[in-house]
Structures are given as structure tokens and as C-alpha cells.
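Let's walk through a protein model together, one step at a time. Please look at the sequence and the structure below, and keep them in view as you read.

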Amino acid sequence: MTSTDVLFRPFRIGSMELKNRIVMAPMTRSFAPAGIPGPANAAYYRRRAEGGVGLILSEGTVIDRPASRNDPGIPFFHGEAALAGWKGVIDAVHAGGGRMGPQLWHTGAVKSFLVDWEADAPVESPSGLDAPGVERGKAMTDADIADTVAAFVKAAADAKRLGFDTIELHGAHGYLIDQFFWSGSNHRTDRYGGPTIRERSRFAAEVVAAIRAEVGPDFPIILRVSQWKQQDFTARLAETPAAMTDWLLPLVEAGVDVLHCSQRRFWEPEFPEIDGENGLNFAGWAKKLTGAATISVGSVGLTGDFMAAFGGESSTAAGLDGLVDRMERDEFDLIAVGRALISDPDWAVKVQANDRTKLRGFDAANLAELV
Ligand SMILES: Cc1cc2nc3c(=O)[nH]c(=O)nc-3n(C[C@H](O)[C@H](O)[C@H](O)COP(=O)(O)O)c2cc1C
């Protein structure tokens, strides 16, 4: 066994069979003119499928709600033209030997830090807050919430109908679903709010349960979650394993198959006060506490973390030994790779060949084009 073989074991969840453990992380590229993905987007994803990635998660793609996106280059996952574009994408990925799910997204009250652009409608969020003390847009009514749940369900149903292998809900990084989770942005006093994380998880649980009822028992549902928010890197939804169980277990019970646990650096322990500096990471704890499969992520194969990429910072290639060690312990099931796959569509085959001298790292200049 070469040392990276453990990353190339197959994995099955529900109806989805993956040839290896490598996932392309969802990455917004803002290359969908008028919100419609076209042949260039299909070719971009196909190259990563041909390059050996087991599962591709699309860039965030938005549901059918007014102001569900905060950047005009973000693709829609609704409407005939956009869905036809996505059909082209999934067919291309399948032809390249890959599996794929769209990342279904609503940006909530978050203003893009990349473009100065406003949607035609007011932005919406649990309490009209982007972050503690930062008012933006309007608080959602019961009717808004019901329609948003329905829009997520419609998008998931469309994904399944088009032939996608899974869907991922974007519940991380301070966007709409996360704004419900976070006490800093959810001050509701109705059934979608409350002092406990379990209460603030109700919105996400309702979205998941409604999708599960629509797509049937075998179609895998992935939920991406994070402790950190782009509004506050130090924010934490769960300070203890008990709180993490209250947060995540109801979501798994509602129908989530895979928790995608976003960290900026995968090697950082989640509760070092319990199991030490080399302890389980977020995905490790989430797996242990809920029994669900998990995906980890964060600076795999790279020296620097991803927020710096938006400031134009590149990152050099780093070793994979720490990742392999954790995979060998089955701390988590899958590993997502972001920037390394932007700069090198063949990253996975190079890792499989154990040809690490050929790993390129990440060049921020590659964000300027879709190749
Ligand atoms: C250009 C870029 C766009 C991103 N867009 C998204 C997104 O749409 N949805 C999301 O959940 N995360 C997004 N992320 C975060 C990545 O999915 C990933 O978690 C992060 O880059 C860490 O992985 P890495 O260190 O391997 O790059 C983005 C990251 C980058 C670099």
C-alpha cells in the first residue's frame, strides 16, 4: 500500500457510489453569465471528474427566492435555462467518470465582499441581521419561511430529476441557514428561534425533512455546517460535545446522510480541552456524536488557509501525511479539497500516483479564469 491508498478506497452512501474519498469543495467562481451555467462550466467540472475526483460539489447555486444571491455571477438552480445548463454539467461530469451534487444556497443577509451589488428585492434573514448589531434587509415572515423551505425542496427535486447523484445544503459560513443557527443573527421568539441551538436548528431540520420526504430514502443529502462565520471567525455554535449533539443530531434524524464540517484547517482539534492538541477535528467529533458520515476540509495539501485567497494570496504545496493518518483512523469518511483543485484539475490522480513532486499548490491568479 502506498501511503495515499487510504484516500482511494470506495465509499457508498445510499444510492451514491464513490470511487474514492476525494471531494471537490464547493467554490463560487462567478462565471455564470445571467445566472446560467454553460459549456465552459460543464468543461470545468468535467476536467475535475477526469482528474480523478470522486465527488464534485458545485459552487453555491441559489434557490428560487427573491434576493437569494448576492453576486450576479452566481448561478441559479431554478428556471428552465439554468436547469438546462446544469443538465449539461451533470452529463459532462458523468461522461468524465465523476459523481456530483449541486450546493443549494441562499445567501441570507450577507453582502458579498467581492462585488458591490444589490439584488432587486430586499435581502431576508431570520431577524433582519447580518451579524450582531448589523441590520440588513428584512426579518422573514412565516410565509417567507414556508416558501423558502419549498424552494429548497424544489431545487433538490430538480437536482434528482436532472440526474445529480446527491445535493448539498449550504448551512455554513454565516449564510441564511447558518443565520438561523447563530444566536448572533437569530433573535426570533417563534418556533424558529430560542435560547438553545436545538431550537435554532428547527429551520434547517424542516428543510431537510421536507427534502427527504420528496427525494425518497436513498438519495443522499449532505449538509455543510461550520462553527465559524465569515462575519466572525471566532464564533462557535457548539462549545461542548453536548451542544454539538443538540445542534447536529436532530438534523441527522431529519434525514441528513453526510455532514460536511467546514474548517479552515482540517488538522485543528475541535475540543482540545477534551482530547488534546492532536484530538478529533470537527468532522471527527460530528461523526462520533451523530453516527453520520462526515466530510472534512481545510487547507488540504496547502500551507495557507483559504480566506487569504480572496486577497490574492497563493499557497504552496504541503504534505499529506497528517491527512492520511486521520483517514487511516477513519476519523471522517471523505475529504474535500478546494483551492488545490482550482489550480490543478489532475490533483487527485497525482496524489493517487503518489507523485507529490508534481503537486502545484494554489496560484491565486487561477481565480481569474475558469479552466
Ligand atoms: C474561490 C472560493 C470560493 C468558495 N465558495 C464557496 C461556496 O460557494 N460555498 C462554500 O460552502 N464554500 C465556499 N468556499 C470554501 C471552500 O469550499 C473550502 O471550504 C475552502 O476553500 C477550504 O478548502 P481549501 O483550503 O482546500 O481551499 C470557497 C472557497 C474559495 C477559495
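**A walk through the model**

Asp 305 is buried, with a relative accessible area of 16%; here buried means under 20% relative accessible area, exposed over 50%, and partly exposed in between, using a 1.4 Å probe and protein chains only. This is a predicted model, in which local features need pLDDT of at least 70, side-chain atom pairs count only at pLDDT 80 or more, and totals for chains, interfaces and linings use all residues. Residues are numbered from 1 along each chain as its sequence is written, and side-chain values use heavy atoms, with hydrogens and water left out.

Which residue does Asp 305 form a salt bridge with? The partner is Arg 265, and the closest N and O atoms are 3.0 Å apart. (A salt bridge is a side-chain nitrogen of Lys or Arg within 4 Å of a carboxyl oxygen of Asp or Glu.) This pair links distant parts of the chain, 40 residues apart: Asp 305 sits in the loop between β13 (293–297) and α10 (321–328), while Arg 265 sits in the loop between β12 (258–262) and α8 (272–275). At 24% relative accessibility, Arg 265 counts as partly exposed.

The structure holds 29 salt bridges. In one of them, Asp 158 meets Lys 154, with 2.8 Å from N to O. Both belong to helix α3 (residues 142–162), where being four residues apart separates them by about one helical turn. An α-helix has 3.6 residues a turn, so residues three or four places apart point the same way. Asp 158 is buried at 5% relative accessible area, whereas Lys 154 is partly exposed at 49%. Asp 116 also forms a salt bridge, with Lys 111, and their closest N and O atoms are 2.9 Å apart. In that pair, Asp 116 is exposed, with a relative accessible area of 72%, and Lys 111 is partly exposed at 30%.

Now turn to helix α1, residues 39–50. (Helices, H or I with at least four residues, and strands, E with at least two, are DSSP runs numbered from the N terminus.) Helix α1 has 12 residues and reaches 16 Å from its first C-alpha to its last, close to the 16 Å expected at 1.5 Å a residue; the expected span is 1.5 Å times one less than the number of residues. Which residues of α1 are buried? They are Asn 41, Ala 42, Tyr 44, Tyr 45, Arg 48 and Ala 49. Seen down the axis of α1, the buried residues fall within an arc of 160°, so they line one face of the helix; the arc is that of the directions from the helix axis to the C-beta atoms. Their cover includes β3 (22–24), β4 (55–62), α2 (80–95), β5 (99–105) and α11 (339–343), where contact means heavy atoms within 4.5 Å. Just after α1, Gly 52 takes a positive phi of about 100°.

Finally, step back to see the whole chain. The chain has 12 helices and 14 strands. Its C-alpha atoms fill a box of roughly 55 × 50 × 40 Å, taken along the principal axes. Buried residues make up 61% of the 371 residues. Among contacts between residues at least 6 apart in sequence, 73% join residues at least 24 apart.
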